[in-house]
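The following note sets out several points for a colleague who is examining this structure. Please read each point with the sequence and the coordinates at hand.

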Amino acid sequence: MNTQATTDTKRLARAALSRLMEPQDAAGLALVQAAGAVDGLRIATGQLKAGPELEQEITALLAGDGTGSWPGITASLKRWAPRVADLAPERDLATMKRLGGRMIVPGDELWPVQLSDLGIQEPLCLWWRGSEVEIPPARRTIALVGSRDSTSYGASVTGDFAHGLGQRGYTVVSGGAYGIDAHAHRGALSGGTGPMPTIAVMAGGVDRFYPSGNEDLLRAVANQGAVLAEVPPGSAPTRYRFLQRNRLIAALAGVTVVVEARWRSGALNTAHHAETIGRAVGAVPGSIHSANSAGCHRLLRDGGAVCVTDVGEIAELAGASGEELPAEQEGLAAAHDGLTLEDLILLDALPLRSTSSVDKLAVVAGLSPEAVRAGLGRLGLLGLAASERGAWKRSKDG
């Protein structure tokens with residue numbers, strides 16, 4: 001069998017396995033890691049018998065992951081058996097092609113390498129609807145999550161954060177739901193300067209935009225960014241799948257920021273996943289009288305999160321997450337050394353590709369229009385900022 005045929009067979013196997021097994025099915029993921037996707041599928045569908053050595057290897061993998069004991073392969077086979085008749089990976093791949101999307105697997109050029117931090121819980125594949133643009137690394141991706149029933153305060157904060165992060169070239173990732181998620185995607189779409197301003201991670205198949213009230217928004221996310229899921233087209237967004245997709249949101253981003261969350265909120269689940277894999281977590285403080293901020297205050301009190309109140313503090317968390325700064329800034333330390341703090345903030349707020357007005361820069365940088373005009377003059381003289389028809393952008397040297 002030639003290499004291409006082998007690759008195609010592995011892809012088909014992972015597509016089938018993603019329909020056969022629920023997300024974060026520890027036994028299934030361990031089986032695939034131990035036996036490979038092709039033989040793993042044959043074993044899971046009863047075409048190949050698993051020997052005692054394989055069971056021992058799976059047991060060791062699960063123990064190493066902290067999953068603990070499992071009932072054995074026979075119990076898993078019974079669990080998977082009802083879905084075997086529904087497997088049609090060629091059909092699922094054809095559906096994605098019709099939607100202008102794709103399925104990617106670990107090892108593909110477009111596979112986000114940060115997902116490997118999930119260890120055994122790394123997804124089998126990702127079903128991707130959107131432009132074929134590389135997903136940014138964790139240090140350039142920020143998760144904004146929170147309540148579905150957000151307050152006007154939460155909506156305003158999220159919109160400002162997402163817009164400001166987009167202006168700085170960050171990608172904003174969220175879950176596509178009502179409330180905070182929706183405000184995060186909208187803000188990122190309006191402020192985004194990079195090739196992928198926002199990513200929505202779905203609990204169901206990407207063939208159907210869910211919830212239906214966000215269909216236009218999610219269509220815009222797909223057109224300008226990416227809509228991702230680890231379950232194949234046609235899959236329903238169950239409660240369990242909402243909780244499991246949260247680990248993907250946390251793993252894609254270098255920082256997870258909880259804007260509003262009740263005492264028991266799915267957003268806290270995302271924060272927990274982020275903490276588990278060593279990601280930074282930020283929480284936005286709210287009124288002590290607001291039930292929508294009780295979860296944020298809980299994170300802050302328990303020490304699991306850092307208090308964040310503006311875009312600069314989020315960017316600072318992203319820079320402190322242990323990954324190096326973007327390469328284009330590393331050689332410019334000398335040019336930036338003489339800048340005041342205000343000028344550095346203004347320089348950070350300047351978009352790289354599009355241009356921005358003085359008023360918009362004042363909002364993003366948190367400076368007065370007068371301070372922005374004066375700062376732009378100084379940055380212009382230093383060759384760090386350039387003016388185009390009255391609007392400003394960062395110059396190639398900036």
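1. In what follows, helix axes are lines fitted to C-alpha atoms over the stretch in contact, and angles run from 0 to 180 degrees between N-to-C directions. The model discussed here is predicted.

2. On that basis, the axes of helix α2 (residues 26-35) and helix α3 (residues 37-44) come within 7 Å and cross at roughly 130°. Angles over 145 degrees count as roughly antiparallel and those of 65 to 115 as roughly perpendicular, the rest being oblique; α2 and α3 are therefore oblique to each other. Their crossing is right-handed.

3. Strand β6 (residues 226-229) is covered on both faces. A226 and L228 are buried on one side, and V227 and A229 are buried on the other.

4. Strand β6 has two pairings to consider. With strand β2 (residues 126-130), β6 pairs in the antiparallel sense over 4 bridges, and W128 stands opposite L228. With strand β5 (residues 198-201), β6 pairs in the parallel sense over 3 bridges; here V201 stands opposite L228.

5. Is helix α8 (residues 180-191) enclosed or open? Of its 12 residues, 9 are buried, so α8 is largely enclosed by the rest of the structure. The buried residues are I180, D181, A182, A184, H185, G187, A188, L189 and G191.

Conventions: Residues numbered from 1 in each chain as written. Predicted model: local features only at pLDDT ≥ 70, side-chain atom pairs only at ≥ 80, totals over all residues. Heavy atoms only, no water. Buried < 20%, exposed > 50% of the residue type's maximum accessible area, 1.4 Å probe, protein only. Pairing = 2+ DSSP bridges. Parallel < 35°, antiparallel > 145°, perpendicular 65-115°, else oblique. Left-handed = near helix turned anticlockwise from the far one by under 90°.
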